[in-house]
Amino acid sequence: MRKLLPLILILFSFQTTYGGQQIGPCSPEALVKAQKQFSEKDEIGQYGIANLILEEKYAQCPILAKTFEYKGANRTTEQQKEQNIHNWFMHHLMLSRFHAEKYEKCLELGELMVEQYPKNEPKELFDSMKAILAACHKAASRNCSDTALRNGLFWKVDSEALYRFTQGIVDAVENKDLAAFRTHIKSELSRGLRNRYMDGKTFSEVFTDDFRDTILEYGPTCYVHSWRGVAMGRGEIWITPLSSNEFTIRSVWKYVPEKFYAADLPAGWVIDGKMLTPDRLSRPGISNEYYEYIAKQFSITPKEDFLRNTGKYLSSLPLVKISARREDLTPSLINPATPTPAFNHVETKEKTVRFEQEKDIYTLREEYTLLAEIPSEICQSLAPDFKGTCLQSYLIELGEDTGGTMGMLTNDSIYGLFRMPDKNKIIAPLVHFSSSNDAKNYLEDMNIAPLQQQNN
């Protein structure tokens, strides 16, 4: 209602009296009254609906539309009043057009006013007009709206720099220039398209026509989507800000699929006739809390190496303190190679096995997929001096449903099945990867087979 008040007052002024006499909306008296109404900002600091009325109604008044030829001492008192009203309204109309993002109209009016503004008029008003004109010039030359700039301010990102970065991507896609596209990638992509997969290929060998059409349809962007980053197209490209004005492509989707992993692996890890449950596969997780506790407890440095190459440190850790001692989900580094009874195998879909466990107030959902078999000799080398003998090893994608908008959080890790001196079998983590592409690169570097690498 407060925002509508200026509109109501102005419309009412068209049919009221001023000084006891009926007046028109363009008389000096009506304009003075309207000026007072326009000078009251609304609660968000803008001039709101009053500006719309100003532009659509009062801007057409002859006193505001004409260019004054009389100046200085030659003006009568009435002419001086008209000149003051004219100057104030033109100043306000410039401001109105700036707030409405009508920058071209602001420039047109502002350049006229600054050129014809009487030199002996109030300097403050003239300086304000010049400042508004400069702001309009700057806004007219930019690519992002005020709304986009506020979005950038919230996420601490330079929206114009983001626009230029994404425009570069659009240009590369339009020109089918794979080399130019790759300049927007500062490190290995976390998911989807892999840097090495693009080596030696053309743009059309990597990307689908659907990908290209969508990126060109949506074009560049000024907006940060959410905490997830910046999305282009319908999510075909995700971008991460490195600083306020630096960015990198994080992941790319809808590319020509890379055939990498062998297709003949089983669904689920079956040990002694029983399928292993995912809780037996230890991983750092979102917070790394348990792994960091182990590193601190046993003075393991550097901690970051332990979080990745866990198997390298197994021989130096007391098994009794890093092994599960109860049939529950108590965090543990090493686990018995037997399924947890409370976990129910509910589904197998395309080699992925899914499990559920009912908790007090929610259902825990986890899944895993065997991606590649690791030779036992390499498995053994990943846990040097460990007393157990590696019987079998896999690269596994393990997923946990975290709920909310994050959905299924996945990690790729190498695990080994070991027979210990007491004949018991345990599952131990050997290597944890930062991304699925990190895991693929690791396998290539280790020359681990079998892989289906048909990257023509």
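**View 1. Strand β11 and its partner β12 run antiparallel, joined by seven bridges.** This is a predicted model, so keep that in mind for each of the views here. β12 covers residues 363-373. For one spot to look at, find Thr352: standing opposite it in β12 is Thr369.

**View 2. β11 also pairs with β10, again in the antiparallel sense.** Here the pairing takes in five bridges, with β10 spanning residues 344-349 and β11 spanning residues 352-358. Pick out Thr348 and you'll find its bridge partner in β11, Val353. The two strands form a hairpin with two residues between them, and in this hairpin Glu350 takes a positive phi near 50°.

**View 3. Helix α18 is mostly covered.** The helix runs through residues 436-446, and eight of its eleven residues are buried. Among them are Ser436, Asn437 and Asp438, along with Ala439 and Lys440. Asn441, Tyr442 and Leu443 are buried as well.

**View 4. Lys303 sits in helix α15, which covers residues 303-308.** Setting aside neighbours within four places in sequence, Lys303 is in contact with Glu292 and Ala295. Glu292 lies eleven residues away from Lys303 in sequence, and their C-alpha atoms are 7.2 Å apart in space.

Note on methods
Residues numbered from 1 in each chain as written. Predicted model: local features only at pLDDT ≥ 70, side-chain atom pairs only at ≥ 80, totals over all residues. Heavy atoms only, no water. Pairing = 2+ DSSP bridges. Helix = DSSP H or I, 4+ residues; strand = E, 2+ residues; numbered from the N terminus. Buried < 20%, exposed > 50% of the residue type's maximum accessible area, 1.4 Å probe, protein only. Contact = heavy atoms within 4.5 Å.
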